[in-house]
Amino acid sequence: MKKLGLMIYVMCSCMAFGREGIDYHDFPGYLDVWNAQMQYKTFRPELRGVPLTTDPVKQKLLKEIGDDPQAIEAFKLFHEHSFVEFTDCCISNFSMMLQANADKFREVLFEVAPVINLVNGSEPCIQKIIGIAGGARNVSNYIPTFPQFCYEMFLCLALDTSGEAVGKSDRKLSQAGVVTCEAIAHNSEWPLRAKELKFLEVVGCREDAGGSECICDFKEQWCPDEGQ
């Protein structure tokens with residue numbers, strides 16, 4: 001009976017979404033499709049004709065960024081895992097970004113520090129971020145004022161690392177992105193929060209535990225006396 005119910009569900013889903021395809025610009029609708037898929041434990045997008053893609057998330061973010069070349073370049077570098085270049089791009093271009101984007105990317109820079117810290121030889125990069133924040137404690141204790149923007153930036157980082165072409169270190173960084181997402185969302189509220197957290201669950205099906213202690217590792221290395 002369970003198999004029959006699942007088959008009916010898949011067939012109905014294909015009829016609903018397979019013929020015309022999902023509207024990738026309808027971000028809430030896209031989340032609904034994947035939430036339904038996860039609810040029925042069918043982590044096989046080919047059955048539904050709706051491949052997993054972070055394009056709706058990225059298009060939503062780029063629309064929010066607007067016509068701002070420096071912010072767009074920072075966005076691109078972040079999602080390429082080019083974190084050293086991302087850090088330099090942000091620090092060099094904050095004054096040239098639209099103020100709203102500068103504020104958002106400054107927060108992303110603080111949030112990404114524990115992820116960058118997992119990369120060998122990243123100390124100079126971390127020191128630059130700490131300098132911008134005015135101290136390591138200000139990085140580790142930072143609470144973003146744009147949590148949804150930061151969360152969705154890391155959501156793409158977490159979901160964009162599937163496939164054979166991705167190396168082990170990238171999977172570790174992806175898992176660190178998952179941890180960061182959870183940390184950002186922990187005490188935050190926004191209209192799509194529940195849906196986005198559910199969407200993130202798909203990562204658990206293909207990621208190992210590498211990088212899961214990134215935030216603790218950062219605090220231990222850069223502010224060991226925190227809390228004393």
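**View 1. The sulfur atoms of cysteine 89 and cysteine 90.** The sulfur of cysteine 89 lies 5.6 Å from the closest cysteine sulfur, that of cysteine 90, which is too far for a bond. A disulfide is a covalent bond between the sulfur atoms of two cysteines. Here a disulfide is taken as a pair of cysteine sulfur atoms within 2.5 Å, and by this rule the count is zero.

This is a predicted model, in which local features need pLDDT of at least 70 and side-chain atom pairs count only at pLDDT 80 or more, while totals for chains, interfaces and linings use all residues. Residues are numbered from 1 along each chain as its sequence is written, and side-chain values use heavy atoms, with hydrogens and water left out.

**View 2. Burial of the two cysteines.** Buried means under 20% relative accessible area, exposed over 50%, and partly exposed in between (1.4 Å probe, protein chains only). Cysteine 89 has 9% relative accessibility, so cysteine 89 counts as buried. Cysteine 90 has 0% and is also buried. Of the 228 residues in the chain, 46% are buried.

View 3. The chain contains 12 helices and zero strands; helices (H or I, at least four residues) and strands (E, at least two) are DSSP runs, numbered from the N terminus. A contact means heavy atoms within 4.5 Å. Among contacts in the chain with a separation of 6 or more, 72% join residues 24 or more positions apart.
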